[in-house]
Amino acid sequence: MLLQSATQMCPTIVRDYPEWHLGRSDYALWYIEVDQPELIQYLDEIQTRFSDLLLPKQRQYHITLFVCGFLQPAVKQYDDDFQIQQLQQQIKLLEALQLTAFQLEITQIDSFSSALFLQIQDQQGVLAQIRQQFAQVSAEIAALEYCPHITLGLYREAWSGDIVLQRIQQLPLKSIKIQVKKMTFGYYKAQILQGLLYPYQQIELG
């Protein structure tokens with residue numbers, strides 16, 4: 001568990017972040033769509049239990065694979081820009097793995113300082129293989145340590161970590177397998193906090 005007692009949550013302020021997006025719009029990433037009804041229902045139940053602590057959520061449930069940066073058709077102006085030609089290179093490297101459909105598994109409900117999430121276990125190490133391929137093309141725009149998860153919501157105030165821990169410990173954890181049959185490259189609008197994900201390219205697994 002990442003969350004420790006006697007800590008404080010880090011709230012997300014609802015505003016535009018022009019110092020980050022610099023007028024750019026489409027922020028791109030590779031992700032796995034969560035589309036199993038049983039799992040979505042379970043995630044909704046947890047989210048409802050924590051709704052008084054979290055910001056309202058629009059974005060679809062998903063597992064982030066690799067954060068690419070701001071999608072640019074051709075010219076790269078900033079370090080966190082990501083060009084279409086880089087996407088094409090990543091797709092070739094992904095296809096070279098010749099992956100078949102695989103399973104992930106829910107392990108536990110946990111929390112970063114800024115967000116509540118469901119931790120994911122990848123026993124076969126498939127996600128690590130994919131990320132190694134993508135990293136050959138571009139450096140990831142993300143935290144140093146990758147933790148596969150499904151975000152349930154961002155905290156809206158600086159709540160005590162003890163409150164969050166208490167609630168987590170009261171929730172029974174369901175054992176649900178996640179069937180992964182495709183990889184999605186998509187983006188969200190940088191000016192909309194927790195806005196929807198828009199798929200741009202999808203790779204079906206054999």
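This is a predicted model: local features need pLDDT of at least 70, side-chain atom pairs count only at pLDDT 80 or more; totals for chains, interfaces and linings use all residues.
The side chains of Tyr155 and Ser111 are joined by a polar contact of 2.8 Å.

Where does Tyr155 sit in the chain? Its place is the loop that runs between strand S6, residues 149-154, and helix H5, residues 161-170. Is Tyr155 buried or exposed? Tyr155 has a relative accessible area of 0%, and because buried means under 20%, this residue counts as buried. Cys10 stands 145 residues away from Tyr155 along the chain, yet the C-alpha atoms of the two are separated by 6.9 Å.

I turn now to a second residue, Gln119. This residue belongs to strand S5, which covers residues 115-121. The side chain of Gln119 has a polar contact of its own, at 3.5 Å, with the side chain of Asp110. Which residues does Gln119 touch, once its neighbours within four places in sequence are set aside? They are Glu105, Ile106, Thr107, Gln108 and Asp110, together with Cys147, Pro148 and His149.

With these two residues described, let us consider the protein chain as a whole. How many helices and strands does the protein chain have? There are five helices and nine strands. Followed along the sequence, their order is α-β-α-β-β-α-β-β-α-β-α-β-β-β.

Next, the overall dimensions. Along the principal axes, the C-alpha atoms occupy a box of roughly 45 × 40 × 25 Å.

What share of the residues is buried? Of the 206 residues in the protein chain, 47% count as buried. As for contacts, consider those with a separation of 6 or more: residues 24 or more positions apart account for 80% of them.

I finish with the surface and the charges. The protein chain exposes about 10700 Å², and carbon and sulfur atoms supply 50% of that area. Among the side chains, 15 are positive and 21 are negative, and the centres of these two sets lie 2 Å apart.

Notes: Residues are numbered from 1 along each chain as its sequence is written. Side-chain values use heavy atoms; hydrogens and water are left out. Helices (H or I, at least four residues) and strands (E, at least two) are DSSP runs, numbered from the N terminus. A polar contact is a pair of N or O atoms within 3.5 Å; within protein, one must be able to donate a hydrogen and the other to accept it, and residues adjacent in sequence count only if both atoms are side-chain atoms. Contact means heavy atoms within 4.5 Å. Buried means under 20% relative accessible area, exposed over 50%, partly exposed in between (1.4 Å probe, protein chains only). Accessible areas come from the Shrake-Rupley method with a 1.4 Å probe; for residues, only the protein chains shown count as cover. Lys and Arg count as positive and Asp and Glu as negative; His and the chain ends are not counted. The place of a charge is taken as NZ of Lys, CZ of Arg, CG of Asp or CD of Glu.
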